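Notebook open, structure loaded. I'm jotting down what I look up as I go.

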Amino acid sequence: MEKQTVNVNINGVDCEVLAGQNVLEACRSVGVEIPYFCYHPNLQVAGSCRMCLIYTGMPARDRATGELLKNDDGTVKIAFAPKPSIACGTKVAEGMHIITNSKEVENCRKAVIEFLLLNHPLDCPICDKAGECKLQEYAHKYGNAESRFVENKNVKPKRVEVAGKIIMDSERCIECSRCIRFCREFIGRDIFGFTKRGSKTEISVYPGGDNDSNYLLNVVDGCPVGALTEKAFRFQMRTWFLKATKSICAESSAGVNTRVWSREGKIYRITPRRNQAVNETWMSDSGRYIYRRFEQKNRLSVPRIDSSPCELQYAIDRCMEIMKLGNIAIVANAWQTVEEQFVIAELAKACGAKVHMVSHLGEDDGKLVSADRTPNMRGAFVTGLVKEYPKADLRGLAESVRAGEVKTVLCFREDLNDLGFEPKDFKAANIIYCGALENSTSQIAKICVPMRGEFEKYGMWINRQFRIQRFEKAVEAPKDTISDISFLLTVLRDVSKQSFAMPSISEVRKRMCAEIPALKGCENVGDEGKLIDASAFADIDFPESDAMHYTKKNPQTEASARESETK
Amino acid sequence: MAIVVERKSPTLLERTYLPQIVSGLFITFKNIFKPRVTLQYPDQPPVLPKGYRGAPTLVRDSEGREKCVSCQLCEFVCPSKAIRVTPGEISPDSPYAYIEKAPKEFKIDMSRCIFCGMCEEACPEKAIVLQNEFSINAATRAGLVRNKQALYAAGGVMPDRIKKWKKVKDNSEFGRKH
Amino acid sequence: MDAFILNFSNFAILADAAEVAPACPTACEFALNILLKVVFSLVCVVVVMSFAGLSVVAERKVCAYIQGRYGPNRTAIPIVVAIPILGNFLKKNGLMQLVADGLKFLLKEDPLPAHVNKFWYMIAPVMALSPVLIAACVIPFGVYWTDGGVMAPLAVANFDVSLLFALAIGALGVYGAIMAGWSSNSKFPYMGGMRASAQVISYELAMGLSVLSVVLMVGTNANVDSPLSMFEIGKAQSGLWFCITQPVAALIFLIALFAETNRLPFDMAESETDLVSGFHTEYGSFKFGLFFVGEYGHMVVGSSLFITLFLGAWNPFPGFVWPESWGWISSALSLLTFLVKIAAMLFFFIWVRWTLPRFRYDQVMRIGWKAMVPLALLNFVAYLVFVSI
C-alpha cells in the first residue's frame, strides 16, 4: 500500500510529508523540532498548552477566479494566517507553508513559558522530574532569567498520594491534561480531572472510589512536568545519574519494550519504550517492578553441591561429569532467550535427552499483560524444543525418574516440587538446578549453579505476535554466576565434542539464524523487532486472547498493519 | 612576517663563561644574607586569602534548618567523585515538611576531594561551602570520609539574604497547611 | 689508562722508599712507631670524615640560605635538645639532622637487588670511599719543628712522591662509580658509570698538566730535591702563593677538581635529571651512604690538594709564615689555617653547586678536550719557555 504524501514548505524548505499527519509530526519527520507539552502521539489532541504555536499559510487565490496570486517578483503569494495556530491541532495540506523559526514564533513560545512559570514553584532541586522535564528544558531555552511576576504565587495541594503509587503535586502542574486523556482513553475510566477555574485550576483525583489500575503509572511517564511522580522512585535517584538500557519486559508474552534505568549496577526503575506495533508508549505497573525479583533476598549467588557452597568451576565440572553418565532430561523454560533455547536443542540432540517445558499461565487483561506469563514461549516452538503447547506439570518426567529411565535432570529455573516431583524423587536422580533465584528445588538439588537474570544478559525473545525482539544487558551480574549461554556452551562442548568457533552470543546467533529458516536475517534486529514467519505454528492453540495489537486468529496481519503505520 | 633577529656572537671573554659564573656566584652569595621567606608552618599559621577553598562543609541557615535538599548536583559535578548523597524525605510532621526533601546521608571522601569548589558553585541552595579548614587528617582511610553529622559540625551557620523556602503567603485563606 | 700507569709506577717508588728507610733500633720503639702511625691514621680519618659529615650539613644549610629558606632546623634528639643553649644551637643549625641522616643510612633495610653482580656490587661502595681515606694520609695538615729545628709536616706519611701518590690514589675513587654502574646491571647506572670513567680520563689530563707547572716551579729551586713532595710544595709557598704566580694552572686544576669529584656543574655520573640517580640508582641504605660520604670525602681531599698546591698550604697570608720561634703555637696555628682553608674550599664547592646549572654531557667532553687540555698544555709550554729563558 503506497502512502499518500503531500508537499509542504517548512521554514522555506520544500518537503514531502505523509498526508493526514499533524504539523508537529510532519515537522518532526523532517527534523524540525517544535516544543510541546500536551501533545502525545498516542492520545487525542487537546491543544491546551499552546506551546507548539506556529504560523501557517496557504497559497493565496483570487476569490473570483480561483487562480493563484503572484507576488511582484513572480513567486506564489502565500496568505499566512493572521494569528499563530497550534501545530498539534493542524493537519498538513498540499502547498501549506509552515514557519517555526521566526521572531514571532519565538515570542509566542517565550510568552507561553512565562505564563506557565507564573505559578510554578521552581523547585527543580527537589523535583524527581528534573533532568527529563519538558518544562525545565523549554524554560532553559525560552524562559526569562528573571520573573516579572510580583504577586504571590498560587498555593495548591502538594504531596497528595494517588492510589498508593503516585505522588501528586498540583503546584507543578501545567494543566496539559495528558493524564486525564490517558485514563479516559486507555484505562477507560476517569481518574484525574481539573477542578477550580482560571489560574487556580488544579489537577485532582476523583474523591473516594477505586482509582487504581494496573496501567496508572503511565501517567507518570506521560506527565511533562513533575506534577505526577512515582512513589516507589520518589527521591531515590536523580535521573541524570541513571543509564538507560533498551530491554524487553519479561512479565508476559506481550513483549513490552522497556528502558531499564540503572546506576552502578543497581536498577532504579523501568519505563516503557515506544514501539507502535507492540506497546505504543505504555506498559503495565506490575511489569515495572519485576527487577525486584533479583534483589538480594531471593538471589542465588553461591554455587552449591549437596547444599554446601563450592567454587563455580568445580560445580560446572561436576555437572559435566554427571552429564556423561547419560539418561538425561532437560527442563527448559520460556524465560530463556532464543539463543539459549537453540543451544539446549543442540545439547538435547547431542546427549539424546528429552526436553520438557512448563507453561506459566495467568489472567489475560486484554492489554499488555497476556495469559502466557513467560516472555519467550514462541521461541521454544521456533527452536523446536516443544511441538505442542506445554502444560503446567511434569508428572510424566517424575514417573520416568521413579522408573529409573532418567538418571539426571538438568533443570533451568523451574521449581520441580510444584510440578509433580516428590522429595524422594530428588534422591532417585541427580537434579542439577540452574537459575538466578532460590526456590524449593534449588534448596535440595544435587548441584546448584547460579545463573544470570534477564537484566544481566543479552538476548532475543519472540513475543505473542511472533516478533523477535532484542534486549541488552542492563547491569553486571554478581560474581560466581554464569550466563546460561556460557554454561550451555561449556556443557555442549564437553558432551558432544562439537564447539563453536567463538563461544559468544553473537556466534550462536549467527549459527542459529543460518540453521533455522524462520529466523533468517535475524542476527541484527532493530529496535522495533522483526516479525518472523509463523505459518508453521498456525494450528497450535496458544492461551493468549485478543489484546492490544494482537488477534488470536491472525496475529501477523494486525501486527504488520500497525508496523506499516509507524513507518 | 617573521623578523629574523641575528644572534649576537659572544665575545672571547663571554665564551670562557668566567665573568658570568663570577657574577652568578656573586648573586647567590648576596642571597645568603637576604631574609628567609619560609613560613614556619606549625608555629606560624598561614594567612588564608579571601575565597580560600578548604574543606567542603554543609551549612545551616539562620533558623538552624539544614539547607541541603539533596538535589545531588554536587555529586554529579564532582570531578573526583568524592561526594555521595543518599536522598531522603522530610517527614510530614516536621515544620519544614513543605521542603519535602533532605539528605538522609551525605558523605564526602576527603581523600578524594580535590578542593576545586565545583560543588559550591553547582549548589542551588548554597548549602555546601568550602571553608577555611585545610589540615584534614585521620588515622584511617575510613576516617577521612565525613558523614552528614561531621559535615554540619564543620559547616556551622551561614544565613541567606533571601529565604527561598520561607512561604510568605498566608495560607489560612485556603484552609490549608501546605 | 693514565691513572693506571701513574698508579703502577707509584707503587714501585713506594717500595723503594721503604727499603731505604732507616731500620729502627729496638723492637719497642718499632712497635711504638707503628702504634703512633695507626693513631695518626685514625685521627686523619676522623678529620676527613667529620669534615665530610659537616659538609653534608653545610650543603643543606648553604643551599637553603641561597634559596631563601631555613634549611633543616627541626630535628631534635630528645635529651640533647634540652641542654640550655647548646641544644637549641644544634637544632637550629641542623646538626642533629646530621645524626638522623646517619642513623637513617645505618638502620634502613639494606636491599640486594636480584639482578646485580653481587661481588662487584658489594665492593663498589668500599672502592668509592677507601681511596679517599688512603689519600688523606699524605696531606700535610700543618707543620711542626723537630728538636733540631727542622721543619716537618703534620702528615701521617711524608715521602718524596706524596703528590703523585695522592693524585693516583684519589683518582682510584672513580672505580667505585664504574664498578657500581657496571655491576648494577641496569641501564641508568651503567650510563652513569660510563660517564664517570670518560669524564675522569678527560679531566685527569688537564689536571696532571696543570700540576706539572707547579712541580716545575718548585723543582727549579736548587734547594729542593724532591719537588713531587707535597711538603716541599707547601714550603715553597712561604712567599707568593702559586695561585698568584700560576693563575691559569690554578684555574685549570680547580675546574678539573670539580670534574674529578663529580660535583656540579660536572655532575655527569649522577645527573638526576636524565639518569634517575646515576651510578648509585640501585643502591640504598648503608651502601648508598658510603657513596655519599665518599663524595664528600673526595671533596675534602681534593680541597686539601688544591690548598697545598695553590693556596699556600698552611701559610696564613702570602708573604707571611707562622714563625718558628712561637714553637707549638705556630704548629697549632698552621693546622688551624689549613682546616679553615678546607672549610672555605668546601663552602666554595657548595656555593658553586647551587649557582651553576649542570653541563650537558657533550659540553663536558668539549670543554675537557677542546679547552682544558690545550690550555693546560699551552700553559705548561709557555711556562717551560719562560723558565728556560
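How do strand 19 and strand 20 of chain A pair, parallel or antiparallel, and over how many bridges? I find strand 19 (residues 408–412) and strand 20 of chain A paired in the parallel sense over five bridges.

Housekeeping before I go further. This is a predicted model, where local features need pLDDT of at least 70 and side-chain atom pairs count only at pLDDT 80 or more, while totals for chains, interfaces and linings use all residues. Residues are numbered from 1 along each chain as its sequence is written, chains are lettered from A and ligands numbered from 1 in the order in which they are written, and side-chain values use heavy atoms, with hydrogens and water left out.

My helix and strand labels are DSSP runs numbered from the N terminus (helices are H or I with at least four residues, strands are E with at least two). Two strands pair if DSSP finds at least two bridges between them.

**Strand 20, chain A**

I then looked at burial (buried is under 20% relative accessible area, exposed over 50%, partly exposed in between, with a 1.4 Å probe and protein chains only). Five of the six residues of strand 20 (residues 430–435) of chain A are buried, so the rest of the structure largely encloses this strand.

**Strand 13, chain A**

Next I went to strand 13 (residues 257–263) of chain A, where six of the seven residues are buried, so this strand too is largely enclosed by the rest of the structure. Strand 12 (residues 243–248) of chain A runs antiparallel to strand 13 of chain A, with six bridges between them. A:Lys246 has A:Arg259 in strand 13 as its bridge partner. Strand 14 (residues 266–272) of chain A is also antiparallel to strand 13 of chain A, again through six bridges. On that side I see A:Val260 opposite A:Ile270 of strand 14. The hairpin of strands 13 and 14 of chain A has two residues between the strands, and A:Glu264 there takes a positive phi near 50 degrees.

**Sheet 22-23-24, chain A**

I followed an open sheet of three strands in chain A, in the order 22-23-24, with antiparallel pairing. Strand 22 (459–462) and strand 24 (530–531) of chain A are the edges, each pairing on one side only. Strand 23 (residues 467–471) and strand 24 of chain A are antiparallel over two bridges, and A:Ile468 has A:Lys530 in strand 24 as its bridge partner. Helix 8 (residues 338–351) of chain A packs on this sheet and touches strands 22 and 23 of chain A, its direction making about 90 degrees with that of strand 22.

**A:Leu385**

Buried or exposed, I wondered about A:Leu385? A:Leu385 counts as buried, at 9% relative accessibility. I located A:Leu385 in the loop between helix 9 (377–382) and helix 10 (395–402) of chain A. Beyond its neighbours within four places in sequence, A:Leu385 is in contact (heavy atoms within 4.5 Å) with residues including A:Ala332, A:Ile344, A:Val355 and A:Met357. C-alpha to C-alpha, A:Leu385 and A:Asn333 are 9.9 Å apart in space and 52 residues apart in sequence.

**Helix pair in chain C**

Last, I took helix 5 (residues 118–135) and helix 12 (residues 285–310) of chain C, whose axes come within 8 Å and cross at roughly 25 degrees. Axes here are lines fitted to C-alpha atoms, for helices over the stretch in contact, and angles run from 0 to 180 degrees between N-to-C directions. Helix 5 and helix 12 of chain C are therefore roughly parallel to each other (under 35 degrees; over 145 is roughly antiparallel, 65 to 115 roughly perpendicular, the rest oblique). Among the residues that meet are C:Ala128 and C:Leu129 in helix 5 of chain C and C:Gly294 and C:Gly297 in helix 12 of chain C.

**Chains**

Chain A and chain C share no contact, and their closest C-alpha atoms lie 37 Å apart.
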